[in-house]
Amino acid sequence: MTIEAVVDPRRDPAGHVHKVGYANRVIKRRKCKRKINKRPEVKVPMALQELYMSCKQVFKGPGTVPFPHDVERLCHILDKMRPEDVGLSSELQFFKPKPSVKVTPRVTTTTIYKCDKFSICIFFLPASAVIPLHNHPEMTVFNKLLLGKMHIKSYDWISPPVAEEPVQPSNIRLAKMVANSVFEAPCNTSVLYPTTGGNIHQFTAITPCAFLDVFGPPYSKEDGRDCSYYKDYPYDAFPDGEEREVKKEDGDIYGWLQEIDMPENSRMDGIEYLGPQVVEINC
């Protein structure tokens, strides 16, 4: 008579425990106990969130201009903003001195937030980079220099046109200079309106710069708010008689602006915004 030995599948004939099955059960048990760590939420800087919420309340859409008390409100917020509020620092490599390289410096821009009523953007200008004379049709713009030093030159059209003004070459109009100065961060916010405040302006970076722009409403080619570019000439380039000389005695400076095609050096590279995001809340 033959007796068949019944062996526990976890043991070999010698009685040793097969550890594979045992280990599997332990691993499964540990997996069940494993805790899932949630990614910590990024805290939105109070100044950036306050700016976003205020813009939602202040900007009413195309064809409108913020009330004076709303302009003061946004300026108060922007004047207090620091580079860190949008994820920037003077320690970033972009703002470090660099050896001179013979290449055309390119302007870079990134959008923090955009809707049909307003947009919040950051512009980065390497040293010697230029944003040529351009306009902001039917727009109110708040400009806050966050880092660096740059020269700003701006004009407004003469309105209404001066009587008996002689006919000038095509696409040339008379404008009054509003600003022609160097600005260095930190400094107060500049505001331009659809027809005043320096709506046509040019930026020239003296050092690497970063500035924050709030547009209300934003550019929109479909809605007729496309950007135009200009070349300026000294007032004396097209003299027009004695009447203008009288106005110049009042301290006003005039120039002639000629609309031109988009300059090659005005093209900007868009990059993704990786700084703190605003929390969208319906007002």
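**Exercise 1. The largest core**

Which residues of the largest nonpolar core touch the most other members? Work it out on this predicted model, then trace the core back to its helices and strands.

*Solution.* Start with the membership: the core holds 32 residues, and Leu-51, Val-86, Phe-142 and Leu-212 touch the most other members. Next, look at the elements that give it two or more residues: these are helices H2 (46–58) and H3 (68–80), together with strands E1 (107–114), E2 (119–125), E4 (140–147) and E9. H2 supplies the largest share, 7 residues. Then zoom in on Val-86. Leaving aside residues up to four places away in sequence, Val-86 touches Leu-48, Met-81, Ile-112, Ile-122, Leu-146, Tyr-273, Gly-275 and Pro-276. Apart from this core lies another, of 18 residues, which include Val-107, Leu-125, Ala-129 and Cys-187. As background, nonpolar side chains in soluble globular proteins tend to be buried together.

**Exercise 2. The overall picture**

Describe the fold in numbers, and say where you would read the model with care.

*Solution.* First count the elements: the protein has 4 helices and 12 strands. Of its 283 residues, 40% are buried. Now take the contacts between residues at least 6 apart in sequence; 80% of them join residues at least 24 apart. The accessible surface is about 18000 Å², with 54% of it belonging to carbon and sulfur atoms. Finally, turn to confidence. The average pLDDT is 81, and 75% of the residues score at least 70.

**Exercise 3. An aromatic pair**

How are the rings of Trp-157 and Tyr-230 arranged, and which strands do they link?

*Solution.* Begin with the search of the whole structure, which finds 14 aromatic pairs. For Trp-157 and Tyr-230, the ring centres are 5.5 Å apart and the planes meet at 75°; an angle over 60 degrees counts as edge-to-face, so this pair is edge-to-face. Now place the partners: Trp-157 is in strand E5 (residues 149–157) and Tyr-230 in strand E10, so the pair ties together parts 73 residues apart in sequence. Check their surroundings too. Trp-157 is partly exposed at 24% relative accessible area, whereas Tyr-230 is buried at 10%. Trp-157 has a further neighbour: Arg-173 lies over its face, 4.0 Å from the ring centre. A charge over a ring also turns up at Tyr-233, where the charged end of Lys-231 sits 5.5 Å from the ring centre. To finish, look for rings joined into a group: ring pairs link Tyr-52, Phe-59, Tyr-113, Phe-118 and Phe-142 into a cluster.

Methods: Residues numbered from 1 in each chain as written. Heavy atoms only, no water. Core = buried A, V, L, I, M, F, W, Y, C linked by side-chain atoms within 4.5 Å. Buried < 20%, exposed > 50% of the residue type's maximum accessible area, 1.4 Å probe, protein only. Contact = heavy atoms within 4.5 Å. Areas by Shrake-Rupley, 256 points an atom, 1.4 Å probe, with all protein chains shown as cover. pLDDT = per-residue confidence, 0-100. Phe/Tyr/Trp six-rings, centres within 6.5 Å; stacked < 30°, edge-to-face > 60°. Lys NZ or Arg CZ within 6 Å of the ring centre and 35° of its normal.
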